[in-house]
Amino acid sequence: LKRAALELFGAMCTPLRRVLQLPPGAAPLSRQAGRLPSRSTARPGGAAAARRGAASVSAASFTPRRSRFDLPVERSADPVSRFKLAEPPEGDEIPRKAIRLDRITAEDVATQWPPPALVEASIPVANEVRRPHLWLTDDTTISAEDVGRFVKLPRDDLLELLPEGPCGELARDLTLVPSRTRPVGLMLRKLSVELIMQLQELRDATNARGQPRINKAGFLLDGHRGVGKSQVLNLITMWARRNGWLVVLEPATARYRTEIADIKRSNNGVYIQNEFAQQFLEATSIANRQKLQEIPVDMSAYGSTVIDGEPVKEARRLYNPLIEKTVDQEVAAQGLDEFERLRRVAAYAKQVRMPSMVEQLRDPVNVWEIVEFGLENQAYATQAVAEMFVQLQHQVTHPVLVIVDQWNECFPVSQYVSIRYDNTRFHGYIPAYHLTMPRALHRWDGNKYRRGLKICATSWARYKRRDYRPELLGVKDHEVRTVRNFSQLEFANYVTYLRMMNVLHNFPREDLEYHYMLTQGNGFQARKLLSTLY
């Protein structure tokens, strides 16, 4: 019965022989494994049984064929841990006895832990970074040799110089740094040095009469995503405020069209955003209150806008058809001549009353009173923003720098919907430039500032870069500045900075050029790749 069972088992294992490529004369798997003893040695034909036994031994040592896609198998012995508990030396037998946990003393623990290998091991010392030109030593004089260096900034200076919030993803860069008190750095790019040098010359510029005047509209920073446009704006903002400029900063223009708040439509067809306007005034007043108090109000320009921020002349045009229709009816009824008709049209146009903050704040002394009135009265916040910009355009007390990040976000459609835009190219969504806050920032009007200019930057985080034509908005070719990717020196300094800030660990020096090739020097790609791998 046992022999019949073995033969049946061998027949069942025939397909398995083909898979394992066993010789035809090999013994069944049960005999190869040695689980069932062979009884052929006590029977006739023992020589044949011996040959089958030899074949079974060779089959047992046979290694199955491995696929080239199999993972490698670790065959070495397990490494011995250095930090294991102390063991008694060989030959010394320590009698074992029961020990109560409440009777274990500190001396007993000291004999077991820490092991001598851990205590006697030398503590690795961090090697000094061999880049003496990583940090900017003197920030008062900046030259072309400082390109690629980092400006060291304490955390308090960031809050003081950027109360509106940083442009771009600087906040995300700070979260990568483990320390919450260590100073951080911003790299001086080539364009940053160029703009700082030009602003130094324009700060005290005068016209032919000796009056302060800046004859420049501004600059538009363009470039691919992640090249560092927003970081250039951050550095320019902090440098300008340290050097006496009045800086009006808007770091996140896109939020005015993506975040939903209360809006009201005016007669001009503009949608008023008083809540966002009040937030803008509050952020602007934190760093510029003292300078705004020193700027007197130009009464000839005060009151030139209405409650929705539009000029008074454009708002009055809406009533011209109604006035002309009324006067024509009077001319037909009374038989008036053309001179009397024109006189009545002008008289009725003067009687049109436009809602404005001038009725509530008649004689402001300085620009800060206009800003404060907008903070206290939300209904006039939008007009206060427009009046502040008008006064900054006419003043010559301080050099003014208006910085707008994500400037191209002022032109696509917003998240607000309106039935007025159905069956149009906007497909029911309100365009961003029909909202009051993007409307106050979207104009390329740096040439209107007597002593000031405008610096804007594009952002391609939400949209793919397409055929962008800023010349249609009034931007000239010489006013466009393109931000490029990191050079090899700047990329090496960037990696060194991340290592010093404990963002990267065990970065291989020999792979520096390889990672530069992978990222092409793009700051966004470099941060994502390096922080993920190291």
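Analyst: Cysteine 456 counts as buried, at 0% relative accessibility. Here buried means under 20% relative accessible area, exposed means over 50% and partly exposed is in between, using a 1.4 Å probe and protein chains only. Bear in mind that this is a predicted model, where local features need pLDDT of at least 70 and side-chain atom pairs count only at pLDDT 80 or more, while totals for chains, interfaces and linings use all residues. Residues are numbered from 1 along each chain as its sequence is written, and side-chain values use heavy atoms, with hydrogens and water left out.

So what about a bond from cysteine 456? The closest cysteine sulfur belongs to cysteine 410, and it sits 8.1 Å away, so the pair is too far apart for a bond. A disulfide needs two cysteine sulfur atoms within 2.5 Å, and by this rule the count is zero.

Cysteine 410 leads us on to histidine 442. Leaving out neighbours within four places in sequence, histidine 442 is in contact with Cys410, and also with Trp407, Phe411 and Tyr433 (contact means heavy atoms within 4.5 Å). Histidine 442 lies in the loop between helix H18 (436-441) and strand E10 (452-457). Helices (H or I, at least four residues) and strands (E, at least two) are DSSP runs, numbered from the N terminus. Histidine 442 is buried too, with a relative accessible area of 16%. Its side chain reaches the backbone oxygen of arginine 439 at 2.9 Å. That's a polar contact, meaning a pair of N or O atoms within 3.5 Å; within protein, one must be able to donate a hydrogen and the other to accept it, and residues adjacent in sequence count only if both atoms are side-chain atoms.

Next up is alanine 217, in the loop between helix H9 (190-203) and strand E3 (218-222). Not counting residues up to four places away in sequence, alanine 217 touches several residues, including Leu453 and Lys454. Alanine 217 counts as buried at 11%.

Most residues other than glycine have a negative phi. Glutamine 406, in the loop between strand E7 (400-404) and strand E8 (413-417), has a positive phi of about 60° although it is not a glycine. Glutamine 520 also has a positive phi, near 60°. As for accessibility, glutamine 406 is buried at 13%, whereas glutamine 520 is exposed at 51%.

One more cysteine is worth a stop: cysteine 167 is buried, at 0% relative accessibility. Cysteine 167 is among the contacts of glutamine 231, together with Glu169, Leu170, Asp173 and Leu186, leaving aside neighbours within four places in sequence. Glutamine 231 is in helix H10.

You'll find serine 356 in the loop between helix H15 (338-350) and helix H16 (367-376), and it counts as buried at 10%. Its side chain has a polar contact of 2.7 Å with the side chain of glutamine 383. Not counting residues up to four places away in sequence, serine 356 touches Thr305, Tyr380 and Gln383.
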